[in-house]
Every structure is written in structure tokens, then in C-alpha cells.
Amino acid sequence: MTQPLTPAEKTSSQTEISGIPGVPSPPAWWPRALSKAEFRIALHRKGWTLSDAAFVWGISLASASRIAANPRRTRHWLLALQALPEIGHSERLALRAARQHLQPPPTPKPVPVTPAAAERASEDLCAEVECFESVACHRVCGIAEEGDADGFIAEIRGDGRQLAYRVTFPAGEDWFPQTDFDRYFYTTGRILNAAERAHLTGEAHATE
């Protein structure tokens, strides 16, 4: 007959698994925290774009972008990322076709937001946008076309929900308040070095 483990034996067994006395290790599927860059790398390795993931998750691209950019995102988004299957080119095309059929183009309209409602906004949507971080365009605006991914944040002003960003693309640059930034762009998690910024700024000036 098997004898039950003593408390000391239980502690020893747990330590062997987790390396921490008295603390069992999490299950194998437990997600680890990911940085902005790691989140996007994991997504792309599975063959997904952020736009396609946002469609499957049932959220806007702006929300998906801010979740991807927030290293303090809640765990269920990491589990949602884990759950995405690996897809190939043909599956990606089928997903795009479904997206175009089921998801009509967004028609932005002003929606009043009270201060109380703004305070209740989820922390998942509070991305840490950094100066010199690269950005991509997901809707045509005055300085970029949809799909352009060679822009960066040149300057940030304000605080809290009154932030504004000076966004630079080869075609030019302009200031965007937070709501407009989310409407037209998403961050990629990569910080451009001085040489990369000088290259883009030189192209922008050449077109003026």
C-alpha cells in the first residue's frame, strides 16, 4: 500500500519541479509575458497579421495594436495568441476574403466619451508608445498609404489621454492626437536608430 507523502517530501517534490521551495511550477501551456516585439514576432511566425488577428478576436485593429504594444497586457490575450493556429499562404488568402465579406470598411464617427468612461477604459488599451518607435499605416491619410510601414514617431506631446504624436513618413510628417493616431496607425515595437531616422527624414525633406 502506497504511503502518503509527508509535508517535507511534498515540499521536496515541488522544489524539484519549479526550483522554488514550496511553489509548484505552472502547467506547460501557461503563457509567459511578452514584450511588444516578442508579441508581434510570435504572431508573424504563425503566419498572421495584426489585422487578421483583430478580425478573429472580434476587436478593432486599433485595439489589437495597443494590446500588442502593451507589455502589461492581461494574460487572456497571451492565451488568445497561443490559440491562433499556424496558417499558410492559401489559408491567409481565404481569411482575407472572409474578412472583406464579413467586415465592412469602418466609418468613423464622433462618439462622446465622458471622463468617467475614459477612466474605466481597460489597461489593455494603454500602450506604451515610445519616441522613435516605428509605425505602420492601416488607413490612408495625408502622409501615408494603407500598408506603408516605414514611418516613426518623431515627437510626443501631452500626457494621459491628451497625447499627440508627430508622425514621420517618407512622404511627409504631421501631428495626430491619440484618437486619430489609433485610426490611421499602429506601432510595430521596433525603435529606429539615428541612421534609420535620418534616412527617412532625408527622404521626407526631399519630397517637399
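What you see is a predicted model, in which local features need pLDDT of at least 70, side-chain atom pairs count only at pLDDT 80 or more, and totals for chains, interfaces and linings use all residues. Residues are numbered from 1 along each chain as its sequence is written, and side-chain values use heavy atoms, with hydrogens and water left out.

Cys131 has a relative accessible area of 33%, so it counts as partly exposed. Cys137 is in no disulfide, and the nearest cysteine sulfur, that of Cys141, is 4.5 Å away. A disulfide here is a pair of cysteine sulfur atoms within 2.5 Å. Over the whole structure, the search finds 0 disulfides. Cys137 is buried, at 3% relative accessibility.

Next, charges. Side chains of opposite charge can pair when their charged atoms come close. I call it a salt bridge when a side-chain nitrogen of Lys or Arg is within 4 Å of a carboxyl oxygen of Asp or Glu. How many salt bridges does the whole structure hold? The search finds 9.

One of them pairs Lys36 with Glu133, at 3.3 Å from N to O. Lys36 lies in helix 2 (residues 36-45) and Glu133 in strand 1 (residues 133-137), so this pair ties together parts that are 97 residues apart in sequence. For the element names, helices (H or I, at least four residues) and strands (E, at least two) are DSSP runs, numbered from the N terminus. Are these two partners buried or exposed? Lys36 is buried, with a relative accessible area of 9%, and Glu133 is buried at 0%.

Arg32 and Glu38 also meet in a salt bridge, at 3.6 Å from N to O. There, Arg32 is exposed at 55% relative accessible area, and Glu38 is partly exposed at 32%. Arg190 and Glu196 form another, at 2.9 Å from N to O.

On to the strands. Two strands pair if DSSP finds at least two bridges between them. Strand 3 (residues 164-169) and strand 4 (residues 172-177) run antiparallel and are joined by 6 bridges. Val167, for example, has Asp174 in strand 4 as its bridge partner.

Two residues in other strands are worth a look. Ser134 sits in strand 1 and is buried, at 3% relative accessible area. Leaving aside neighbours within four places in sequence, the contacts of Ser134 include Gly151, Phe152, Tyr186 and Thr187. Thr187 itself is in strand 5 and is buried, also with a relative accessible area of 3%. Not counting residues up to four places away in sequence, Thr187 touches, among others, Arg40, Ser65, Ala69, Glu133 and Ser134.

Which brings me to helix 4 (residues 61-69). All 9 of its 9 residues are buried, so helix 4 is largely enclosed by the rest of the structure. What covers them includes helix 2, helix 3 (50-57), helix 5 (75-83), helix 8 (178-184) and strand 5 (185-191).

Last, the nonpolar cores. A nonpolar core is a set of buried Ala, Val, Leu, Ile, Met, Phe, Trp, Tyr and Cys residues joined through side-chain atoms within 4.5 Å. Which members of the largest one touch the most other members? Of its 21 residues, these are Phe39, Leu43, Trp48, Leu50, Trp57 and Leu84. Helix 2, helix 3, helix 4 and helix 5 each supply at least two residues of this core. Take Trp57: leaving aside neighbours within four places in sequence, Trp57 is in contact with Phe39, Trp77, Ala80, Leu81 and Leu84. Apart from this core lies another, of 15 residues, among them Ile143, Phe169, Phe176 and Phe185.

That is the end of my list.

Key: Buried < 20%, exposed > 50% of the residue type's maximum accessible area, 1.4 Å probe, protein only. Contact = heavy atoms within 4.5 Å.
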